[in-house]
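Morning, everyone. Please have a look at the sequence and the model on the screen. I'll start with a sheet and finish with a helix.

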Amino acid sequence: MVPEPPLDYDVIIIGAGLSGIYSLIKMRELGLRVKVIEAGSQVGGTWYWNRYPGARFDSESVSYGFSFSKEILDEWKWDESFSPQPDTERYCNFVCDKFNLRTDMQFDTRIQTAQYHARSRSWQLTSESGETFTSRFLITALGPLTSATLPNVPGVHDFKGQSFHTSRWPAGGVDLSNKRVAVIGTGATGIQTIQTIAKDVGHLTVFQRQPNWSKPLHNTKISDEEMAKIRLRYPEIFQRCKETSNAFIHSEDPRNTFDVSQEEREALWETLYATPGFGIILSNFKDIHTNKAANDLVSEFVANKIRSRVNDPIVAEKLIPTNHGVGTKRLPLETHYFEVYNQPNVDLVDLRDTPIECITEKGIKTTEKEHEFDIIIYATGFDAITGAFDAVNFIGVNDVKLRDMWKAGPQTYLGMTVENFPNMFMIMGPHQAMGNIPRSIEYAVGWVSQLIAYCHKRGITWVEPTPELTDEWSTHVNNCAVGLLSNDVDSWLTGVNKNVAGRQKRIILRYQGGILVFRKYCDGVQASQYAKMKLL
Ligand code: N01
């Protein structure tokens with residue numbers, strides 16, 4: 001038999017965002033030969049690509065950073081309670097400098113194909129430029145919101161002015177002053193963009209298909225003194241994140257909406273509306289996610305807030321969602337967003353009344369008229385979670401293609417492994433618990449590292465879930481989704497993207513049983529020494 005050539009690496013990691021950065025640190029700790037391959041020119045993932053005006057996180061900065069390194073916690077200072085993109089990108093670079101990570105990273109390299117070779121029990125990756133890399137194990141750190149989508153309308157490439165998807169915003173910025181600007185899309189990204197640029201542009205026209213619920217972020221600066229106090233509280237903050245079902249610092253109210261009087265309900269909602277962050281969905285009465293009548297009440301409370309903030313009652317009603325309740329899509333958080341519509345230089349076009357027919361050389365043509373612009377901003381979202389996997393041609397045993405296997409929806413075991421794709425581990429893949437993402441990244445990378453260490457120590461070169469385990473996990477994931485109002489709504493959370501062929505129907509894309517249940521399950525598999533998995 002002809003001997004196989006040695007593999008280039010023990011582990012290849014695709015992606016240099018937070019998942020890729022932490023995976024690299026853990027693989028180095030195991031003493032493995034590892035390479036990170038990244039399509040972008042620098043580290044950061046989401047925080048490298050999403051440079052649009054106003055990009056920031058809606059998670060509390062102090063619960064967002066890595067918790068594994070006391071050195072980082074002691075040295076890094078968050079400047080704002082909800083960090084803006086430039087600071088978070090700086091944070092990613094700070095971590096890379098601290099651990100000298102770039103020596104094991106290759107940038108500007110987009111992987112086109114990843115093929116498993118059963119004979120050598122290894123992965124072979126090929127980049128767009130034809131470069132190849134081989135390894136025993138593969139970690140996908142692709143990010144859940146990576147695959148940007150433009151509107152599926154004619155003429156998107158005909159526009160003669162400048163146009164950008166928000167996640168491809170030019171690094172040098174864009175001069176918006178005195179320009180006629182259009183924004184298509186009013187999700188979390190559109191809202192952040194609109195509220196930030198409205199004061200700088202000549203005229204802004206917002207093209208809204210469905211309005212979104214949104215509540216104030218209440219961002220504040222963090223002084224040096226406050227940061228010193230936060231550092232002392234880090235153990236308590238991260239402990240709290242370990243105890244809540246979303247890994248945020250917010251915990252659920254154990255009561256149901258109708259357990260208390262109207263006055264008591266409204267008092268809680270006033271407090272949550274005035275509290276920074278996601279409290280209105282995470283610390284609300286527990287039945288708002290499952291009981292339509294309860295959800296209707298809190299939705300009406302938020303609707304009245306919108307009515308009180310928008311001067312024109314007709315515009316206010318257009319900004320109030322009627323097709324879904326609060327918290328049934330990912331809730332965007334805002335800063336003076338609704339007041340933007342009181343500005344004389346801002347118009348709202350309701351695409352439910354006048355849909356877009358096409359993009360023209362001069363602007364956007366709706367069924368009513370052609371609107372002319374200098375700049376069009378597409379805040380039109382992503383082919384979420386599985387889109388990033390579809391963008392790479394993953395080929396498993398017997399030439400099974402992941403794209404084909406997942407056509408009707410993903411099938412995984414623990415959201416981290418996939419039948420027919422041995423030695424491949426997904427960080428923030430489908431059917432994996434997410435919540436406060438960096439907390440979930442640390443957990444998933446920790447779990448995967450333990451499994452790789454287990455195999456490496458014992459000379460195990462093939463790790464794969466069985467069909468029975470895949471069925472068991474699919475059943476569990478589907479059972480966890482039953483009764484949640486969010487699964488009756490079209491959004492990226494339910495895998496719907498009307499701009500992408502094959503993404504018109506709702507599927508169960510995420511793990512919704514809560515982070516505590518997810519971790520208990522995964523911890524159990526680890527404690528059993530992966531007894532039911534195929535380990536060869
Ligand atoms: O994308 P979206 P996003 N014609 O899918 C509209 C995360 N995030 O980038 O609702 C007209 O939510 C679409 O309309 P409709 C966060 O998890 C995090 O805003 O389909 N409109 C919708 O309004 C978030 O949930 C932070 O009718 C079209 C919008 O485009 C996720 O990213 C900050 C259209 C897309 O909204 C995605 O948010 C920002 C068309 N053809 C984002 N196609 C942080 O806090 C689409 N739309 C870290």
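**The sheet and its neighbours**

Five strands make up an open sheet, ordered E7-E16-E8-E9-E12, with parallel pairing. Strands pair if DSSP finds at least two bridges between them. Helices (H or I, at least four residues) and strands (E, at least two) are DSSP runs, numbered from the N terminus. Strand E7 (162-165) and strand E12 (346-350) are the edges, each pairing on one side only.

Two quick notes. Residues are numbered from 1 along each chain as its sequence is written. This is a predicted model: local features need pLDDT of at least 70, side-chain atom pairs count only at pLDDT 80 or more, and totals for chains, interfaces and linings use all residues.

Now E7 and E16. They run parallel, joined by 4 bridges. Histidine 165 has tyrosine 378 in E16 as its bridge partner.

Isoleucine 376 is also in strand E16 (residues 375-378). Is isoleucine 376 buried or exposed? Buried, because it has 23 C-beta neighbours inside 10 Å. The cut-offs, with C-beta atoms placed from the backbone: 20 or more others within 10 Å is buried, 12 or fewer is exposed, and in between is partly exposed. Beyond four places in sequence, isoleucine 376 is in contact (C-beta atoms, placed from the backbone, within 7 Å) with residues including Phe159 and Ile364.

**Helix H8**

Last, helix H8, residues 262-274. Arg265, Leu268, Trp269 and Leu272 are buried there. The buried residues pack against helix H9 (279-282) and helix H10 (292-309). On the other side of H8, Glu263, Ala267, Glu270, Thr271 and Ala274 are exposed.

Key:
Expected span 1.5 Å × (residues − 1). Contact = placed C-beta atoms within 7 Å.
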